[in-house]
Amino acid sequence: MIEASVIASPILGVVFCLLHVIVSLVHTWSHLVHQIQCLIISSGLLSKYQNINLNRLRHLAVVIDSEDAKNKSKVHQLLCWLSDIGVKYVILYDIEGVMKKSDKAYEKSSANPSETKCMDFAPNMPLIFDMFGMTVEIISYTDGKEAVAKGANYLCSNYLKNQDDTLNKLGPKFTEPDISSALKAVGHDGPEPDLLLVYGPARCHLGFPAWRLRYTEIVHMGPLSSMKLSAVVKVLYDFSKKHQNYGK
Amino acid sequence: MSTISERFSILQSHLEKNCKSKISKISGYVGFIMRKLLFSVLSVGPIPAHVAIIMDGNRRFAKRHSLLQDSIDPASGHRLGFRSLITTIQYSFEMGVKCVTVYAFSIDNFKRSPQEVQMLMDLMREKIEEMSAEDGVFKALDVKINFWGNLELMTEPTRLSAKRAMDTTVHNKGPELSVCVAYTSTNEITHAIEASVRDLKGKDQVQVSDLERNLYSAGCVEPDIIIRTSGETRLSNFLLWQSDFTHLQNPKPLWPEFSLRHLVWAVLEYQRVYAYLKNKKEGIEKNK
C-alpha cells in the first residue's frame, strides 16, 4: 500500500501540473485574442467604438488590488481616461484604503488643482471629490459591513425611541428602503454602480459594499500595471449593449 | 470506499431509473472510477469547500432547442436544468466539496407571470419530494438540505415540502445542499438586521458578528466559488455579503449544458487564484 502511494503521488502530481499547463495555455490564447482586439480598437478602424452610448452607465465602480493601488500615477491615468470617455461618477475601491490615504496625490497631480476639491481623510467614511468634471468617490472595506452595522444601530435607536408605539410590541420590522435610509443617515448612501471593473489577479469584489452590488455587471480587467484604454473602451461598449431582465 | 461506491451506485440507479441493463450499471461504475481518478488528480491542489451556483439559462436553452414548440410541458428547460443540478451536486460531493448552494428562485422572479411562478413552485415541490424519497438523492448521499430565503413567500404546498425535507435531513452527516428560494441578499441582510435588533437585550451596539450570526447562511463557510452560467457577469442579489473573497466565474454554457468538464475547469480556475484570495482574506482577518 505504501509502495503504491509512493508511485501514485508523483504521477498524480505530474498529471495535475499538465492540467494546469493546459489552463495556462488557454489563458495565454485568450490574452492574445484580447490584445489583438485592443489593437484594432485603438487603431480606430471600428467606428462603433468611437462614440459609445453611456446613457445606461450612471455610476462606474473600479475595484483595485491594494498593492496595485499604491501606483498612484496608474490610478490617476485611469481616472483621466474615464473622464475623457465621459464617465460622470466613479467609485474607487481598494480593500485596505490605500487610495483614501492617497487622495491628496490626485489633487496635486491634476493639471489644474483648482478642479479638484478634496475632503479631509476619514478612514471609516467614503471620500468624495470632483476631478475633471467627474465625481470620484473613494471607499474601502470599512464602508461595507461595518457601515451596515452602523445603519442597524441607527435603526435600533429609532426603534427604541418609539417603544410605546403599539406596532413595536410586535418586534422590529424593517424594509429595504428603511435600510437604505439608515445608510444615508450614517453617511454611507453611495449609489449602486451599474458596472464594476476589477483590476487585480482574480475576479473578486474583495468586500465592495454588498448593499450596492445587487445588479452590478462585474468585469475582470487583469492587473492595473497592464491596463489599456482600449480595454476600458471595449468593456464600456459591451456594457452599452447589455440587457437585464431583473428577474423577469 | 465500498460504502461510497454503494452510495453512488444507488444514485446512479436513481438517475437511470428506467434502464435496468447490466451495461448501464457497468458503465456507471466505470464512470465512477474514472471520476475518482480525475478527482484524485485535482486533489493535489486545493478543493473548494463551498461552491455556489446561479443556474442561469434554462429558458434560453428550451428556446434555443425549440423545446417549447409543440410541447405540453412549459417547464422542459427547467427539468433539464434539474438534471444538471443533480449531476453537479453528485460530482461536487464526490470531489470533496462540503457545501453546494444554488440560487433556485429569487424574490425578483415573482415578477414573472403568475402561471410561470406557479409552474416553478410546483416543479420545485415535485423535485423536493423526489429527492426526499426513500430511494432519493438525499438518502443516497446523506445530504443535509437547507432552504434559505423568505420562505413565507412560497406557495404553501412547496413551503411544506421544503420544511419536511429540512426536518428529514437535519441529522444527516454528509455534505450540505443549500437552496436559495424566495431569496435576495438584501432581503437576507434586512432580516439579519431585524433579528440582531430584536436580540440586543441591553447590549450596546449591533456588531458585524451579530449580523453574520443572523444571516440565513450562518454556520456555513463562505463560498469559495460562485459560478453563474450563461456568461452573465452580475450576481443578481446572490450571496453579496458572503462573497468578499469568493472567486466569481461566469462560464458561457447555459445551465442545462453545464457538465463535469465545466465543473473541473471551474476548480482548476479556482486553484490558480487560491493563494491570492487566501492571502487577502487572512490580511483582513488579522486587522479585525
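In chain B, B:I225 stands opposite B:H247 in strand β6(B). This is a predicted model, where local features need pLDDT of at least 70, side-chain atom pairs count only at pLDDT 80 or more, and totals for chains, interfaces and linings use all residues. Residues are numbered from 1 along each chain as its sequence is written, chains are lettered from A and ligands numbered from 1 in the order in which they are written, and side-chain values use heavy atoms, leaving out hydrogens and water.

Now the strands. β5(B) and β6(B), residues 247–249, pair in the parallel sense over 3 bridges; pairing requires at least two DSSP bridges between two strands. Strands are DSSP runs of E with at least two residues, helices runs of H or I with at least four, numbered from the N terminus. Strand β1(B), residues 50–54, also pairs with β5(B) in the parallel sense, over 4 bridges, and there B:A52 stands opposite B:I226.

Which residues of β5(B) are buried? On one side B:I225 and B:I227, and on the other B:I226 and B:R228, are all buried. Buried means under 20% relative accessible area, with a 1.4 Å probe and protein chains only.

Next, the helices. The axes of α2(B), residues 22–42, and α4(B), residues 76–95, come within 9 Å and cross at roughly 55°. Axes are lines fitted to C-alpha atoms over the stretch in contact, with angles from 0 to 180 degrees between N-to-C directions. B:F32, B:R35, B:F39 and B:L42 in α2(B) meet B:Q90, B:Y91, B:E94 and B:M95 in α4(B), contact meaning heavy atoms within 4.5 Å.

Technical notes: Buried means under 20% relative accessible area, exposed over 50%, partly exposed in between (1.4 Å probe, protein chains only).
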